[in-house]
Amino acid sequence: MMRKLTAGLFYSVDGVAEAPDTFQFDSFDDELGALLGGIMADVDAVLMGRVGYQEWAGYWPNAEQDQDFAGFINVVPKFVASDTLRPGDLGWSNASLIEGDLEAFVRELKAQAGGTISVMGGMSLVSQLLLAGLMDELALIIHPVVAGQGRRLFEDGTPTTRLVLTGSQQTSKGNVVLRYARREA
């Protein structure tokens with residue numbers, strides 16, 4: 001049985017996924033925390049892009065807040081996709097560089113025994129893997145806010161890709177979690 005590949009992104013109502021710490025404000029609630037905790041319990045490998053890796057590697061190893069996530073992300077195996085980093089550039093525990101073709105690496109990783117693989121810290125990775133048909137679930141965690149600016153997951157020119165809604169949940173602070181899978185013809 002193939003391992004499941006997932007991604008969850010914090011999102012604004014106007015579709016911004018970049019820098020959610022600038023628009024989440026006080027909308028993160030206990031239900032969202034419980035949902036994310038349940039997701040983390042199944043994840044035993046993480047895929048990251050270079051930018052996300054470098055930002056998180058500079059923060060999470062010494063984070064004083066959110067110890068539940070820090071305890072998870074600091075020990076889980078992290079596979080980093082980058083055209084510019086070299087293996088010696090990765091100093092964060094359990095991090096290794098993906099060498100060769102990303103999609104082939106992900107197919108091979110999904111074929112190995114293990115739990116869920118999650119894409120974290122990499123909007124480009126999420127988009128590429130979803131469009132390649134490798135993403136099993138995309139969760140959009142929409143906060144009740146208009147960010148007004150910032151990068152979106154899917155830019156102009158992205159090919160039309162049909163999805164199917166596999167689940168939804170609303171939290172007490174107005175967050176909406178929408179889970180999608182790629183719709184096959």
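Predicted model: local features only at pLDDT ≥ 70, side-chain atom pairs only at ≥ 80, totals over all residues.
Residues are numbered from 1 along each chain as its sequence is written, and side-chain values use heavy atoms, with hydrogens and water left out.

**The sheet**

Now widen the selection to β1 (residues 5-11) and β6 (residues 137-142), which pair in the parallel sense over 6 bridges. Strands here are DSSP runs of E with at least two residues, helices are runs of H or I with at least four, and both are numbered from the N terminus. Two strands pair if DSSP finds at least two bridges between them.

Show the whole open sheet next: its 8 strands run in the order β4-β3-β2-β5-β1-β6-β8-β7, with mixed pairing. At the edges you'll find β4 (95-97) and β7 (163-170), each pairing on one side only. From one strand to the next, the twist averages 25°.

**Helices α4 and α5**

Select α4 (residues 102-111) and α5 (residues 123-131). They pack at about 75°, with their axes 11 Å apart; axes are lines fitted to C-alpha atoms, for helices over the stretch in contact, and angles run from 0 to 180 degrees between N-to-C directions. That makes α4 roughly perpendicular to α5, a label for angles of 65 to 115 degrees. Bring up side chains where they meet: L102, E103 and V106 from α4 against L125, Q128 and L129 from α5. Contact means heavy atoms within 4.5 Å.

**N74**

Hop over to N74, in the loop between α3 (67-73) and β3 (78-81). Is N74 buried or exposed? At 14% relative accessibility, N74 counts as buried; the cut-offs are under 20% relative accessible area for buried and over 50% for exposed, with partly exposed in between (1.4 Å probe, protein chains only). Leaving aside residues up to four places away in sequence, N74 touches W60, P61, W92, S93 and N94.

**Two positive phi values**

Next stop, F25, in the loop between β1 and α1 (30-42). F25 isn't a glycine, yet has a positive phi of about 50°. F25 is exposed, at 66% relative accessible area.

Finish at D66, in the loop between α2 and α3. Phi of D66 is also positive, near 50°, in a residue other than glycine. With a relative accessible area of 45%, D66 is partly exposed.

Note on methods. Parallel < 35°, antiparallel > 145°, perpendicular 65-115°, else oblique.
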